Amino acid sequence: MNYHIPVLAENCVQTLDPHPGGVYVDATLGGGGHAKALLERCPQITLYGFDADSEALAEARNKLSDAAGVEYVHANFSRLRTELALRKVKAIDGILFDLGVSSHQLDTPARGFSFDREAPLDMRMDARIAQTAADVLNEATERELAGIFRSYGEEPSAGRIAREIVRQRGEKPIQTTKDLARIIDKVYPAGTRDALKAKVRVFQSLRIRVNRELEVLEPALRDAINILRPGGRIVVISYHSLEDRIVKTTFLEAAAGCVCPPRIPLCVCGRKKQLRLLQRKPVSPGPEETAANPRSRSARLRAAEKLMGES
Ligand SMILES: C[S@@+](CC[C@H](N)C(=O)[O-])C[C@H]1O[C@@H](n2cnc3c(N)ncnc32)[C@H](O)[C@@H]1O
């Protein structure tokens, strides 16, 4: 079975347009699908492949075993600047972020990402993270839990689900995916479409919280923009509106430059335009791609180019 089918791969390769001697970063290497496509287009590049998940890196190493210029970095992309500095990389020609989890992670029951497979509620991309999803459910206050479901899942019944979790864990700790799914079935009638959608939202929000997915995104995008060479490109694929909003805002701010109010005659903020946006609207996969890979349906790709004179 496929580890993960890379989404909008041709678009990523065309946009990043790798050239011999260029330095590129895949911030979310996963199974190495996008990286392979980049290396096939131009084998004479240096590629730094980051992933928080050591299993993903092992898979990518296997897939890219023929490629000479790949360095594997087992780190969260929040460490992009530090890890590249450690490797004496001062500027890069392109970077890709393909956010979220891979199909392999979702489909491996033991990782605890899916509510339809009985497994311990883990959900950590990186096994070095201290708190699992079960820990969060058993340790957070009712208010914190409701906040997680509301902010990261836009769950309308966040408060009722949080209350039910706190009641349930008073009797017995919540340990498995099915424990959580059963709790949601108490708030929404089991077997209904509403219950299914609520499970998607609650599991997604918990995953985002465990891996701090939204907190790390904006600073990492800023670091990536800063380290891009003039003419270098950044491509980001997101899979839900919360991520896409952060990408859109960060890009727009970097493309706007000065943020001083118009009534101030001289710029005091000192912000310069760093980016040129490559599209006004995000790119989505076409019908052929979504038919072949239904998980690509929610993908939104945004891309931008670093302007001259900024580094
Ligand atoms: C959608 S998959 C990438 C798939 C990859 N583009 C491919 O073609 O196989 C996302 C990957 O990024 C990793 N990941 C997600 N957030 C991360 C972060 N903040 N830092 C490092 N890796 C991250 C996940 O562990 C997962 O392997």
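Student: Helices (H or I, at least four residues) and strands (E, at least two) are DSSP runs, numbered from the N terminus. Going by those, where is Asp-53?

Tutor: Asp-53 sits in the loop between strand E2 (46-51) and helix H3 (54-63). Before going on: this is a predicted model, in which local features need pLDDT of at least 70 and side-chain atom pairs count only at pLDDT 80 or more, while totals for chains, interfaces and linings use all residues. Residues are numbered from 1 along each chain as its sequence is written, and side-chain values use heavy atoms, with hydrogens and water left out.

Student: OK. Is Asp-53 buried or exposed?

Tutor: Asp-53 counts as buried, because its relative accessibility is 2%. Buried means under 20% relative accessible area, exposed over 50%, and partly exposed in between (1.4 Å probe, protein chains only).

Student: And what does its side chain reach?

Tutor: The backbone nitrogen of Glu-55, at 2.8 Å. A polar contact is a pair of N or O atoms within 3.5 Å; within protein, one must be able to donate a hydrogen and the other to accept it, and residues adjacent in sequence count only if both atoms are side-chain atoms.

Student: Switching to the ligand. Which residues come nearest?

Tutor: His-34, Asp-51, Phe-77, Asp-98 and Gln-105, out of 25 residues around the ligand. A residue is near a molecule or strand if one of its heavy atoms lies within 4 Å of it.

Student: Which polar atoms of the ligand are involved, and at what distances?

Tutor: For His-34, a polar side-chain atom is 2.7 Å from a nitrogen atom of the ligand. An N or O atom in the side chain of Asn-76 lies 3.0 Å from a ligand nitrogen atom. Gln-105 places a polar side-chain atom 2.9 Å from an oxygen atom of the ligand.

Student: How much of the ligand does the protein cover?

Tutor: 98% of the 600 Å² of accessible area that the ligand has on its own. Areas come from the Shrake-Rupley method with a 1.4 Å probe; for residues, only the protein chains shown count as cover.

Student: How does the shell divide by residue type?

Tutor: Into 11 nonpolar, 11 polar and 3 charged residues. Ala, Val, Leu, Ile, Met, Phe, Trp, Tyr, Cys and Pro count as nonpolar, Asp, Glu, Lys and Arg as charged, and the others, Gly among them, as polar.

Student: What about the largest nonpolar core? Which members touch the most others?

Tutor: Ile-95, Phe-97, Phe-149 and Ile-234, in a set of 68 residues. Helix H11 (residues 213-227) contributes the most to this core, 8 residues. Such a core is a set of buried Ala, Val, Leu, Ile, Met, Phe, Trp, Tyr and Cys residues joined through side-chain atoms within 4.5 Å.

Student: Where does this core lie relative to the domains?

Tutor: Between them, because domain 1 (9-103 + 215-306) and domain 2 (130-210) both give residues to this core. The bounds come from an automatic or database domain assignment.

Student: Where are Lys-88 and Met-123?

Tutor: Lys-88 is in the loop between helix H4 (80-86) and strand E4 (92-98), and is exposed at 67% relative accessible area. Met-123 is in the loop between helix H5 (103-107) and helix H6 (133-139), and is buried at 0%.
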